[in-house]
Amino acid sequence: MLAELFEWFRETGDIPTRLWEHVRLSGTSVLGASVIGLPIGLYIGHLRRFEFVAVTAANLGRAIPSFAILSLALPLSIQFGLGLGFWPTFVALLLLAIPPILTNTYVGVKEVDADTIEASRGMGMTGAQVLRRVRLPLAMPLIVAGIRTSAVQVVATATLAALVAGGGLGTYIVFGFRAGDDGALLGGALLVALLAFATELGLGLVEKALGARSTGMRRSKWRPGESDLMVVEARGLGREPRPSGDAALGG
Amino acid sequence: MNELFRWDWAIDHLDEIALQTREHLYLTLIAVALGFLISFPLGIYAARHRWFYGPLASVTGILYTIPSLALFAFLTPITGLSVLTAEIGLVSYTLLILIRNIVAGLRGVSGDTREAALGMGYSRRQLLWRVELPLAVPVIMAGIRIAMVTTIGLVTVTALVGQGGLGYFILLGLNRSFSTAILLGAVLSVVLAIAADRLLILAERLITPWAQAKARH
């Protein structure tokens, strides 16, 4: 098996191209999702209006299989004349990336300690100042956690893009399945897994750095009684469960 | 062929739809059940012994981070295009979710409650089964719900390793550029996920009658 893997790596010349395709597709999708998800999350969390939007996004985001979104994008894209390749996969991944960013931003901004908010208002801050100077910095680690969740999910799903002519590292795996080529299967899988870990660890470090900066962050007490919760994902490597931060989205 | 959804095709294939939906459910239920059987003792142990949680979360976290298609691709040269390949992948994704919630649920039980139970003469085992676990049910159930919904989504991918389930329709549609089959597979798996989630909420209410009594205050 290892011999096949080595041989595959020796023989495959377009790895950098495929890697770049994968990174570009994932990167643009997460960026686009942040541009959409962040302001909506901030708005909902700060003003506590339209909260059902955040909850619905979280629930839908989980219920709709990423493979289904990706596959659906294809016939729809053809129907509307956008063609194959980049656009259908980009739109599908963008939609997929929004929920974790939106809900984490919402929860992060919402759950900033009430006393802290009170104190900032007492100091004469306006609503916008409270949002920008108090809520946003305190919510930052959770927001980045949302972006990380999104990014890892998008990198994983972008692998499936190969099935809808979207390119990327999944091309090797799909070829491996179709041709029964173990070398391509293993090589592609290894590259995709490494990219997912790199994303996870890289953004994890950013999150940690931001968390260290805003210490003293307190979140409202966690109540197991809120049984209808849909836990906001914090897929962490070796992280303690943080019920206070991860939980608390009433369904 | 230009129509987005052809009802006549769906109606002609009702038997096939029923079959694949059943298959989808089997694959999901086996995965979540096995995942829970593995996670339950590990989660209880990790809740009691803090040192164990770190390594456990790391290992399950690594498994969880591996993209599903990559995991299936790793396994296929070893276990072939089989149910085993599908289930190993599916089970390994449930572990992080289930263990995290079991541990969070058990740790969420307040020290005072624990103290009171011990003061009443409960043994460690009685404390676990009569006090801690019942109080942790909502959080553990939340974990099971997430695991179930996530797995239903992942099972659509197992069609690639030769398994049935609703992913069969999605793959069929992709291979033939036939949107009806894609829509059918996608929509039915979402419906399945929502239905499973609702059923689990109902089940939770049935096994925790005290939570309802409290809510009525």
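This is a predicted model: local features need pLDDT of at least 70, side-chain atom pairs count only at pLDDT 80 or more; totals for chains, interfaces and linings use all residues.
Student: At what angle do helix 2 and helix 5 of chain A pack?

Tutor: Helix 2 covers residues 15-47 of chain A and helix 5 covers residues 86-110. Their axes (lines fitted to C-alpha atoms over the stretch in contact, with angles from 0 to 180 degrees between N-to-C directions) are 6 Å apart. The angle is about 35 degrees.

Student: Which helix of chain A gives the most to the side that touches chain B?

Tutor: The contact (C-beta atoms, placed from the backbone, within 7 Å) takes 47 residues from chain A and 50 residues from chain B. Helix 3 (51-63), helix 4 (66-79), helix 7, helix 8 (170-179) and helix 9 (182-213) of chain A each supply at least two residues of this side of chain A. The one that gives the most, with 10 residues, is helix 9.

Student: How many residues are in the largest nonpolar core?

Tutor: Those with the most contacts inside this core (buried Ala, Val, Leu, Ile, Met, Phe, Trp, Tyr and Cys joined through C-beta atoms within 7 Å) are I173(A), A70(B) and I170(B). Helix 7 (residues 127-158) of chain A gives the most to the core, with 18 residues. Beyond its neighbours within four places in sequence, A70(B) is in contact with residues including I173(A) and A189(A). The number of residues in the core is 135.

Student: How many helices does chain B have?

Tutor: The C-alpha atoms of chain B fill a box of roughly 70 × 45 × 20 Å along the principal axes. Chain B has zero strands. Its number of helices is 10.

Student: How many of the nine residues of helix 6 of chain B are buried?

Tutor: Across the 217 residues of chain B, 48% count as buried (20 or more other C-beta atoms within 10 Å of the residue's own; exposed means 12 or fewer, partly exposed in between). Helix 6 (residues 111-119) of chain B lies largely in the open, because the number of its nine residues that are buried is zero.

Conventions: Residues are numbered from 1 along each chain as its sequence is written. Chains are lettered from A and ligands numbered from 1 in the order in which they are written. Helices (H or I, at least four residues) and strands (E, at least two) are DSSP runs, numbered from the N terminus. Two residues are in contact if their C-beta atoms, placed from the backbone, lie within 7 Å.
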